[in-house]
Amino acid sequence: MPAGLFAGATIAALFSAPFSTYGPSVIVNPPPDKIVIEIATVNGSGCPQGTAAVAVSPDNTAFTVTYSDYLAQVGLGSKPTDARKNCQLNLIVHVPQGFTYAIASADYRGYAQLENGATGAEKASYYFQGQSQTVPSIHNFKGAYADNWQATDQVDIASLVWAPCGEQRNFNINTELRVNAGTSDPSKSTSYMTMDSTDGNLNTIYHLAWKECPK
């Protein structure tokens, strides 16, 4: 499988509304204590059981979700259900006492092979438990295309939405890949879109911003 597609989810618009009345005080450096992130549930055709994992960076500024079986395709050898793959992760985030966090940016990797006339799309949305699901960000691709792609989207400080202080709210990540044959001939070719890297896994990196909670 070709390697290294990098797509950023445009999450600035997703986090533009206020989320909590708990107004943390000032922005500080990452807390010295280690954060722990666990996968509570994982569901979807793009992330079968055992194909997703989470790791936290040593400096507590990011966490990485790794996938190993996330591929959407149409054409030769494909089933109708292969055209759309999705994944919903429900994460338990254990934050050091006295701190809260927000998602500051998101980076995605993968590869796209789209025949002339075919299209592909990557979609993502994010929300804390108890919050209404956000309107997904969408990245569209048109064939002919056969290459890595890369994008990173940053959330302005004023637009960040923070997890409530003193409450345990799970963090939800919804992603989707979709491929459409369009005007290409699926009886003679295959178009696909994958979240994949050189080692066969997708590394989706979510960068964290930190604040100190009120005393």
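A disulfide here is a pair of cysteine sulfur atoms within 2.5 Å. With that in hand, numbering the bonded cysteines of the chain in sequence order gives the pairing 1-2, 3-4. Please keep in mind that this is a predicted model, in which local features need pLDDT of at least 70, side-chain atom pairs count only at pLDDT 80 or more, and totals for chains, interfaces and linings use all residues. Residues are numbered from 1 along each chain as its sequence is written, and side-chain values use heavy atoms, with hydrogens and water left out.

## The disulfides

Searching the whole structure turns up 2 disulfides. The table sets them side by side.

| Pair | Sulfur–sulfur distance | Torsion about S-S | Handedness |
|---|---|---|---|
| Cys47 and Cys87 | 2.1 Å | about 100° | right-handed |
| Cys165 and Cys213 | 2.1 Å | -90° | left-handed |

Let us take the pair Cys47 and Cys87, whose sulfur atoms are 2.1 Å apart. Strands, a term used throughout, are DSSP runs (E, at least two residues), numbered from the N terminus. Are Cys47 and Cys87 buried or exposed? Both are buried, where buried means under 20% relative accessible area, exposed over 50%, and partly exposed in between (1.4 Å probe, protein chains only).

Now for Cys165 and Cys213, whose sulfur atoms are 2.1 Å apart. This pair links distant parts of the chain, with Cys165 in the loop between β11 (152–154) and β12 and Cys213 in the segment after β14 (202–212), 48 residues apart. Both Cys165 and Cys213 are buried. Pro214 also has its place in the segment after β14. Pro214 is partly exposed, with a relative accessible area of 48%. From C-alpha to C-alpha, Pro214 and Cys165 are 8.2 Å apart in space, although 49 residues separate them in sequence.

How many bridges join β1 to β5? Strand β1 (residues 36–43) and strand β5 (residues 84–94) run antiparallel and are joined by 7 bridges. Glu38 stands opposite Ile92 in β5, and Thr41 has Asn90 of β5 as its bridge partner. β5 also pairs with strand β12 (residues 171–180) in the antiparallel sense, here over 8 bridges. Gln88 has its bridge partner in β12, namely Asn174.

## The four-stranded sheet

Another open sheet has 4 strands in the order β4-β13-β7-β10, with antiparallel pairing. β4 (71–75) and β10 (145–147) are at its edges with a single partner strand each, so one side of each has no neighbour in the sheet. From one strand to the next, the twist averages 20°. Strand β7 (residues 111–114) and β10 run antiparallel, joined by 3 bridges. Leu114 finds its bridge partner in β10, and that partner is Tyr145.

## The largest pocket

Rolling a probe the size of a water molecule over the atoms shows where empty space is left. On a 1 Å grid over the protein atoms alone, a pocket is an open set of points where a 1.4 Å probe fits, with protein on both sides within 12 Å along at least five of seven lines; lining residues have an atom within 4 Å of a point. The largest pocket has a volume of about 220 Å³, a volume being the space filled by probe spheres set on the points, which are joined across faces, edges and corners.

Which residues lie nearest the centre of the largest pocket? They are Val95, Phe99, Pro164, Gly166 and Glu167, from a lining of 16 residues. The elements that give two or more residues to this lining are β5 and β6 (99–107). The largest share, 3 residues, comes from β6. By class, the lining has 8 nonpolar, 6 polar and 2 charged residues. Here Ala, Val, Leu, Ile, Met, Phe, Trp, Tyr, Cys and Pro count as nonpolar, Asp, Glu, Lys and Arg as charged, and the others, Gly among them, as polar.

Definitions and conventions:
Two strands pair if DSSP finds at least two bridges between them. Axes are lines fitted to C-alpha atoms, for helices over the stretch in contact, and angles run from 0 to 180 degrees between N-to-C directions.
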